[in-house]
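Here are some friendly notes to read alongside the model.

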Amino acid sequence: MQLQQMYQEIILDHYKNPHGRGLREPYDAESFQVNPTCGDEVTLRVRLAGDTVEDVSYEGQGCSISQASTSVLTDLVVGRGVADALSTMDAFVELMQGRGQVEPDEDVLEDGIAFAGVAKYPARVKCALLGWMAFKDALARTGGQA
Amino acid sequence: MTALTAPLDVAALRADFPILGRTVRDGKRLVYLDSGATSQRPRQVLDAEREFLERHNAAVHRGAHQLAEEATDAYESARARIAAFVGVTPDEVVFTKNATEGINLVAYAMGNAATAGPESARFVLGPGDEIVVTEMEHHANLVPWQQLAQRTGATLRWFGVTDDGRLDLSDLDALVTERTRLVAFTHQSNVLGTVNPVAALVARAQAVGALTVLDACQSVPHAPVDLAALGVDFAVFSGHKMLGPSGIGVLYGRRELLGSMPPFLTGGSMIEMVEMARSTFAPPPQRFEAGVPMTSQAVGLGAAVDYLNAVGMDRVAEHEHALTVAALAGLAEIPGVRVLGPGLDAAGDVADRGGAVSFVIDGVHPHDAGQVLDDEGVAVRVGHHCAWPLHRRLAVPASVRASFYLYNDLGDIAALLDGVRAAQRFFGVA
């Protein structure tokens, strides 16, 4: 039974009780991302205050992995500097693309380390990255630092 | 359905499919319920390919040496057997890379017709002309027609789908009119399993002079299909969904239509005469097979057809019908599961429905359900199955699809049902 490795309790908790969900005003940029193989989608908004990510709000439909990952994202980037948030994103992307060979740093990724098991399932990596790609795109659309 | 023939000896059949003997995910028996995406291949097909490559391989329809002769014979013999399998003649069978390419071949040929000369006039589309498709099409039988409409200025229209997953033909006469130049539709939905009323659609299309294109990818592998008797103008199906290799598909076109249709891909093999400034083209099917074609794949598909013929397509259809009824009955007993597409009637049977059973589970996303099933060794398809508009119509983002073939048995259905219950337990909805 490898399921528990993939679906850590942390992931299921975020899935059932997502953090920061809902689309909020005001926002500086919005991104809509879709996973074309399964139809999962997320709309994500970014609000900056100077160089700080003041709010990330989102709405979407998708599997537990994509929803939980977006929930974890809000924990990891809201209140942080943009450069800091992007470096956290890089660490998460590296973990997800590591085929289970990358040792995650809990100090950087916090609840995000729970996705280490997902990285062993290539078909699900896109699910885990859906919200993060929306975040990256929305940051870029703020026209600034990203 | 009353059994007309002896039931399949599935255990004996399964012995022909080496892959079904392997285990997955830490020693679980492989329960392969994704034949709607691609089927597995029996040894007979693998052996035919290997034997061809070890003994006869050469570029077909060129060269005069013995291997070239043998390879060409093998290729054309496969074409003849495949044609006979669907009730048509060999010169009406064009080999393509896959079914998608077959549909694109027709769409691009039609796009080329405007500049191809008077014999191609009936393929020319323009503003005011209409192409009619259905809301249940696989993207392969939708996107090429969207694109053709864009290129030519024609209008795309479509049949809707009823809540129970049937084609809504209530507006047949209003939708298919004198303006309609082409009606493209699936024989059997790859999501719903719905078998569409080909006769009614063909009759209306013929009455208004429209061409018909049938997506037979999910019907030809699973039931006896006589394309000539169905009366369609074009049809496509793919090798890898009917125990054959990937890399080969079939486009059927009525002889007179292929004869007047301009080419799609041009180059070697498809010509009659070439000068520096212009060329003329070979008669079909060669006109539509530019370049050195796939050969061992054609031989493999020929062997697949031989295999299916030996089993008997009536028996394959009956067997899959029994599996479908068992799956529908089992899923109906699980609270929180909703099947997309026709369900069982009061008598516990269902007509005009093939062995693709898609469903959603309340509170469990299809991707997550698929992951639990995979953990149990059960391979199903999750997502929108290349039928996104249909899922949108049914108001679900995605679904889980189990699809059956001759090598599946009731034990596989039981594993599916157990897996669905396990997914519900894992995600705390049961």
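1. A term to start with: two strands pair if DSSP finds at least two bridges between them. Helices (H or I, at least four residues) and strands (E, at least two) are DSSP runs, numbered from the N terminus. With that in hand, look at chain B, where a hairpin links β11(B) to β12(B) through four residues. Strand β11 (residues 271–274) of chain B and strand β12 (residues 279–281) of chain B pair in the antiparallel sense over three bridges, and V274(B) stands opposite S279(B) in β12(B).

2. A word on the model itself: it is predicted, so local features need pLDDT of at least 70 and side-chain atom pairs count only at pLDDT 80 or more, while totals for chains, interfaces and linings use all residues. Residues are numbered from 1 along each chain as its sequence is written, chains are lettered from A and ligands numbered from 1 in the order in which they are written, and side-chain values use heavy atoms, with hydrogens and water left out.

3. Chain B also has an open sheet of four strands, in the order β13-β14-β17-β16 (chain B), with antiparallel pairing. Its edge strands are β13 (337–340) and β16 (381–383) of chain B, each pairing on one side only. On average, neighbouring strands of this sheet are turned by 30 degrees against each other, direction ignored. (Axes are lines fitted to C-alpha atoms, for helices over the stretch in contact, and angles run from 0 to 180 degrees between N-to-C directions.)

4. Within that sheet, strand β14 (residues 356–361) of chain B and strand β17 (residues 399–403) of chain B pair in the antiparallel sense over four bridges. V357(B) stands opposite A402(B) in β17(B). Which helices pack on the sheet? Helix α11 (residues 313–332) of chain B touches β13 and β14 of chain B, and its direction makes about 10 degrees with that of β14(B). Helix α14 (residues 410–426) of chain B touches β13, β14 and β17 of chain B, at about 15 degrees to the direction of β14(B). Contact here means heavy atoms within 4.5 Å.

5. Over in chain A, three strands make an open sheet in the order β1-β2-β3 (chain A), again with antiparallel pairing. β1 (29–34) and β3 (52–61) of chain A are at the edges with a single partner strand each, so one side of each is left without a neighbour in the sheet. Strand β2 (residues 41–49) of chain A pairs with β3(A) over nine bridges, and the bridge partner of E41(A) in β3(A) is Q61(A). Helix α3 (residues 64–77) of chain A lies across β2 and β3 of chain A, running at about 170 degrees to β3(A).

6. Now the interface: 17 residues from chain B and 24 residues from chain A take part in the contact. The two chains bury about 1800 Å² between them, 56% of it on carbon and sulfur atoms; buried area is the accessible area (1.4 Å probe) that two parts lose on being put together, summed over both. In chain B, H367(B), Q371(B) and F426(B) lose the most area to chain A, together 33% of what that side buries.

7. Finally, which residue forms a salt bridge with D368(B)? The partner is R124(A), with the closest N and O atoms 3.0 Å apart. A salt bridge is a side-chain nitrogen of Lys or Arg within 4 Å of a carboxyl oxygen of Asp or Glu, and the count between chain B and chain A is one. Helix α12 (residues 366–375) of chain B gives the most to the side of chain B that touches chain A, with six residues.
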